[in-house]
Amino acid sequence: MAESGEDLVTAYDSAPLDARYWTSIALGISTSIFDYFDYYVVGFLVAVLAPQWQLTFGQTSLILLSAGVGAILGSLAWGALADRFGRKVLLVAGVALCALSSGSVALIPDGAWVMFAVLRFFVGFGVGAAASVAVPLIVEYTPTRHRTLVTSATVIPVSLGILAASLSAATLLHQIGWRGLAALGFLPLLPALLIAFIMPESVRWLVSRGRDAEARRIVARALRVAPDALPPSPAIATTAQPQGAGFVELLQEPRRIWLTLIVWFGASTANYGVFLWGPTIVALLMGVSAVEVAHLFVIVSLTGMIGRAIFSVLAHRIGRRRCGEIMGYGIAISLGAAGLLFDQTLFGYPAFMVLLVPAALFFDGGFSNIAPYSAEIFPVRLSARGVGLAQAANGVGKIAGPLCLALIAGTSNLITPRATIDAVTPAFLFLAACGLVIGLAFTLLGVETHGRPLALEVRQPGESAGTAASPLGHVAEDGVAARPTPSLP
């Protein structure tokens with residue numbers, strides 16, 4: 001029996017976290033791990049094929065950059081399509097596209113670098129597409145009372161995809177060759193198939209699109225009650241809402257657009273800049289080989305994973321906005337100190353390396369807070385487009401970051417600028433500035449989403465931003481949905 005004032009979405013929000021829920025979450029996480037494996041294994045493939053195929057620097061650069069360009073376009077395109085046609089089918093299609101493109105590299109003729117680059121473009125397209133759909137699906141699938149902790153924690157294992165690519169190359173490359181390593185890219189087809197049969201569509205998205213009957217069947221199964229016993233759906237004003245999939249609707253949320261662009265561009269630039277230049281700087285300072293530096297950066301990577309776990313718990317305790325400020329200002333202080341003190345010694349080691357380890361808590365660990373945040377700050381009707389915009393800014397940061405570092409270093413190599421000792425301080429002060437901008441964005445533009453139900457639709461033109469609640473779940477200016485906030489455990 002429905003409680004007084006309860007609607008279908010709030011009833012679904014009270015559903016227990018059963019085996020099907022955790023299976024679906026595990027499948028969503030696995031797609032990210034496999035996709036990042038496919039995305040990063042190309043570095044090892046190029047290392048083998050470049051000398052064999054006598055590839056020029058420009059050709060290898062096109063192969064490597066094509067995936068980045070594809071990811072930007074894929075995140076934008078799939079985000080728009082997912083808001084129009086649904087989360088589940090677009091997630092399956094994105095993962096399948098990534099897997100088929102990655103595995104097909106094993107079938108190309110020797111020397112076919114153009115075909116290689118084209119396939120890598122579609123690998124990146126699939127990775128961006130899957131990310132822009134998986135995040136809002138998981139966020140919308142998780143009850144409000146658990147959302148901050150659970151959705152943040154799902155970001156922690158993503159780094160395993162990069163680790164798996166490294167371990168596979170190190171242990172299997174000599175046994176199965178580059179074609180065998182490339183063929184492992186077909187593996188994500190398995191979770192894509194399981195998602196198609198196991199994971200339900202987002203109830204919140206169905207309700208936001210006025211598809212009440214489908215939403216009711218999913219909620220009835222989750223609560224193990226008859227569909228007729230469920231309360232009615234929220235009175236979404238679908239006739240007043242545009243039914244398209246363009247990005248024009250996002251313009252109704254300018255504060256959230258700027259927040260998304262600034263945070264993701266800054267975070268991507270800082271993270272990618274450290275992993276781009278960090279190993280070279282450590283090698284120059286310590287006079288050690290690339291292999292020894294790689295072992296040292298394992299510590300940095302593991303610290304980043306620990307940071308993701310810390311931020312997952314911290315966001316549940318103090319909220320996403322505060323965690324965003326900690327991430328941004330932490331990046332500014334730690335990377336700024338690393339840049340200014342890089343030629344000093346701490347505890348018998350270069351201060352640069354010592355400071356880089358705690359810095360990873362912020363520039364890498366903070367991603368567990370901002371990844372779900374992109375889906376939470378936009379209403380469900382715009383959520384995938386919001387995440388797509390975030391992933392596009394992420395991709396642009398990965399490309400623009402090296403370009404900025406190249407200009408700072410005064411080098412003509414705009415793809416992989418070579419770090420020099422003289423450029424360390426200005427380069428890392430630039431990366432620290434990216435962190436400062438992130439912190440200021442959360443301070444000045446940030447909205448709190450922790451413990452607040454997701455808004456279902458966009459605030460109508462002329463509606464007061466501070467107007468209190470209607471049962472429609474409009475977004476208020478402070479970023480909360482217009483419903484009573486449930487108590488948290």
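Modeller: Helix α7 (residues 144–153) packs against α16 at an angle of about 120°, and their axes lie 8 Å apart. Helices here are DSSP runs of H or I with at least four residues, strands are runs of E with at least two, and both are numbered from the N terminus. An axis is a line fitted to C-alpha atoms, for helices over the stretch in contact, and the angle runs from 0 to 180 degrees between N-to-C directions. The angle makes α7 oblique to α16; under 35 degrees would count as roughly parallel, over 145 as roughly antiparallel, and 65 to 115 as roughly perpendicular, the rest being oblique. The crossing of α7 past α16 is right-handed, a term used if the near helix is turned clockwise from the far one by less than a right angle, with anticlockwise giving left-handed. On the α7 side, the contact (heavy atoms within 4.5 Å) is made by Arg 147, Thr 151 and Ser 152, and on the α16 side by Ser 368, Asn 369, Pro 372 and Glu 376.

The model is predicted, so local features need pLDDT of at least 70 and side-chain atom pairs count only at pLDDT 80 or more, while totals for chains, interfaces and linings use all residues. Residues are numbered from 1 along each chain as its sequence is written, and side-chain values use heavy atoms, leaving out hydrogens and water.

The aromatic rings come next. Ten aromatic pairs are found in the whole structure; rings of Phe, Tyr and Trp (its six-membered ring) pair if their centres lie within 6.5 Å, and planes under 30 degrees apart count as stacked, over 60 as edge-to-face and the rest as tilted. One of them joins Trp 53 and Phe 116 edge-to-face, at 6.3 Å centre to centre and 75° between the planes. Trp 53 sits in the loop between α3 (42–52) and α4 (57–85), and Phe 116 in helix α6 (residues 113–141), so this pair links distant parts of the chain, 63 residues apart. Both Trp 53 and Phe 116 are buried, meaning under 20% relative accessible area, with exposed over 50% and partly exposed in between (1.4 Å probe, protein chains only).

Helix α16 takes part in another pair. The rings of Tyr 373 and Phe 442 are tilted, because their centres are 5.4 Å apart and their planes stand at 40°. Since Tyr 373 lies in helix α16 (residues 367–376) and Phe 442 in helix α18 (residues 421–445), the pair ties together parts 69 residues apart in sequence. Tyr 373 is buried at 4% relative accessibility, and Phe 442 is buried at 0%. Elsewhere, ring pairs link Trp 78, Phe 121, Phe 122 and Phe 125 into a cluster.

Charged side chains complete the picture. The structure holds twelve salt bridges, each a side-chain nitrogen of Lys or Arg within 4 Å of a carboxyl oxygen of Asp or Glu. Among them, Glu 140 and Arg 87 meet at 2.7 Å, N to O. This bridge connects helix α6, which holds Glu 140, with helix α5 (residues 87–104), which holds Arg 87, across 53 residues. Glu 140 is buried at 1% relative accessibility, as is Arg 87 at 0%. Both residues belong to a network of salt bridges that also includes Asp 83 and Arg 385.
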